[in-house]
Amino acid sequence: MSDRDALIRGFIDATGWAGATVAPLAGDASNRRYLRLTHPDGAATAVLMDAPSDRGEDVRPFVSIAGYLTSVGFSAPRILAQDHGAGLLLLEDLGDDLFASVIPADPSLENTLYSCATDLLADLHSHPVPSGLQPYAPPVMADLAALAFDWYLAVTTGPDTIARGRFHGAMLDALTRHAATADVLVQRDYHAQNLLWLPQRQGLARVGLLDFQDAMLGHRAYDLVSLLQDARRDVPRAIEDAMIDRYIASTGQDESAFRTAYHVLGAQRNLRILGVFTRLCVRDGKVHYVDLIPRVWTHLIRDLSDPSLSDLADITRAHLPAPDASILHKVKEQCATVPAR
């Protein structure tokens, strides 16, 4: 048993779950891992989050945001036990019924699930934000969008500092002009792989929330983009259009300004993901993320077709290569030399 395993077992034993069986759950792109505990009596389960600080993780934001979300009536996991120093949390088990698995099993639920998730955002954005959130401001977002140049461009055709500088300026300008408002909590990874369907609950509590520890203060269109331009599954255009209409009608947003902000933030988000997925392959050996890049690219090109993004679109199309088979192969070649972690 490793030192980390011994630490985890000691934590479990101290929480009233001594003797629980432990099974791994699917992880994510971070250094966190998740374990499902089954109580010795077989009557209850819980989830353990293992987020070691020596790998850059910190459980305190998760605890803080989870407390806020539950306080306003949403279904974030309740914290059953915590050890911040060890990077360990024992969480309420909300089950396995992710949107991403429920919809393929019963496609008739797709509109209902996306409607509930959209309504949740509209309701969340009506509440005062918790204190201490850092702003997801245009300079921060422009820096993150430039990861597409730092990784995807650098790996596929070679670095270009001049093009990166022009791109950064155009991205910053578009964000500043059209999406600078930061007045709501944005979870930043609000999509089908992080949302659970809890039909036994009522109203908006039927949507279970995961992976919100990176929440910031941002623009109200951001999480809607995350939901509807999903890097991991194809959301039908009819659903996307209907949910944008639904959010605007529910919140009274100016339609033209909101749609422009949606596409600006979509471009920013998809460019960031393009860079992050390349980095996850090349730096971390997680090759499967490369297979998601074509879908991200499709979202990006559609966002760049907005007339307000013409300058950004020209720069992006001129310098970032479309992810055809040869480009994806080149990324995977770089990935193959890095041991998977």
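In which hand does α10 pass α11? In this predicted model, the crossing of α10 past α11 is left-handed.

## Helix pairs

The axes of α10 and α11 lie 8 Å apart, and the two helices pack at an angle of about 155°. Angles over 145 degrees count as roughly antiparallel, and α10 and α11 are therefore roughly antiparallel to each other. On the α10 side the contact is made by His263, Gly266, Ala267, Asn270, Leu271, Ile273, Leu274, Phe277 and Thr278, and on the α11 side by Ile293, Val296, Trp297, His299, Leu300, Asp303 and Leu304. By class, the residues of this contact of α10 with α11 are 10 nonpolar, 5 polar and 1 charged.

Helix α10 (residues 255-282) also packs with helix α9 (residues 237-251); their axes come within 11 Å and cross at roughly 130°. The two helices, α9 and α10, are therefore oblique to each other. Their crossing is right-handed. In this contact Glu240, Ile244, Asp245, Tyr247 and Ile248 of α9 meet Glu255, Phe258, Arg259 and Tyr262 of α10. The residues of the contact of α9 with α10 comprise 5 nonpolar, no polar and 4 charged.

A further pair is α5 with α7, whose axes are 9 Å apart at a packing angle of about 140°. That angle makes α5 oblique to α7. The crossing of α5 past α7 is right-handed. From α5 the contact draws on Pro138, Pro139, Met141, Ala142, Asp143 and Ala145, and from α7 on Arg164, Phe167, His168, Met171, Leu172, Leu175 and Thr176. Sorted by class, the contact of α5 with α7 has 9 nonpolar, 2 polar and 2 charged residues.

The table sets out the axis geometry of these pairs.

| Helix pair | Axis separation | Angle |
|---|---|---|
| α9 and α10 | within 11 Å | roughly 130° |
| α10 and α11 | 8 Å | about 155° |
| α5 and α7 | 9 Å | about 140° |

Pro139 belongs to helix α5 (residues 138-145). With a relative accessible area of 44%, Pro139 is partly exposed. When neighbours within four places in sequence are left aside, Pro139 is in contact with His168 and Leu172. Pro139 and Ser305 are separated by 166 residues in sequence, and their C-alpha atoms are 23 Å apart in space.

Is helix α6 mostly covered or mostly uncovered? Helix α6 (residues 147-156) is mostly covered, with 7 of its 10 residues buried. The buried residues of α6 are Leu147, Ala148, Phe149, Tyr152, Leu153, Val155 and Thr156. An α-helix has 3.6 residues a turn, so residues three or four places apart point the same way. The buried residues of α6 pack against α5, α7 (161-178), α10, α11 (293-304), α12 (310-319) and α13 (325-335). Gly158 follows α6 and has a positive phi, near 110°.

## The sheet

An open sheet is formed by 5 strands in the order β1-β2-β3-β5-β4, with antiparallel pairing. Its edge strands, β1 (21-25) and β4 (79-83), each pair on one side only. On average, neighbouring strands of the sheet are turned by 25° against each other, direction ignored.

Strands β2 (residues 33-38) and β3 (residues 45-50) run antiparallel and are joined by 6 bridges. Here Arg36 stands opposite Val47 in β3. Between β3 and β5, which also run antiparallel, there are 5 bridges, and Val47 stands opposite Leu91 in β5. The antiparallel pairing of β4 and β5 extends over 4 bridges, with Ile79 opposite Leu91 in β5. β4 and β5 form a hairpin with 4 residues between them, and Gly87 in the turn has a positive phi of about 70°.

Strand β5 is largely enclosed by the rest of the structure, because 5 of its 5 residues are buried. Helix α2 (residues 60-71) lies across β3, β4 and β5 and runs at about 155° to β4.

Terms used. Residues numbered from 1 in each chain as written. Predicted model: local features only at pLDDT ≥ 70, side-chain atom pairs only at ≥ 80, totals over all residues. Heavy atoms only, no water. Axes fitted to C-alpha atoms, helices over the stretch in contact; angles between N-to-C directions. Parallel < 35°, antiparallel > 145°, perpendicular 65-115°, else oblique. Left-handed = near helix turned anticlockwise from the far one by under 90°. Contact = heavy atoms within 4.5 Å. Nonpolar A, V, L, I, M, F, W, Y, C, P; charged D, E, K, R; others polar. Buried < 20%, exposed > 50% of the residue type's maximum accessible area, 1.4 Å probe, protein only. Pairing = 2+ DSSP bridges.
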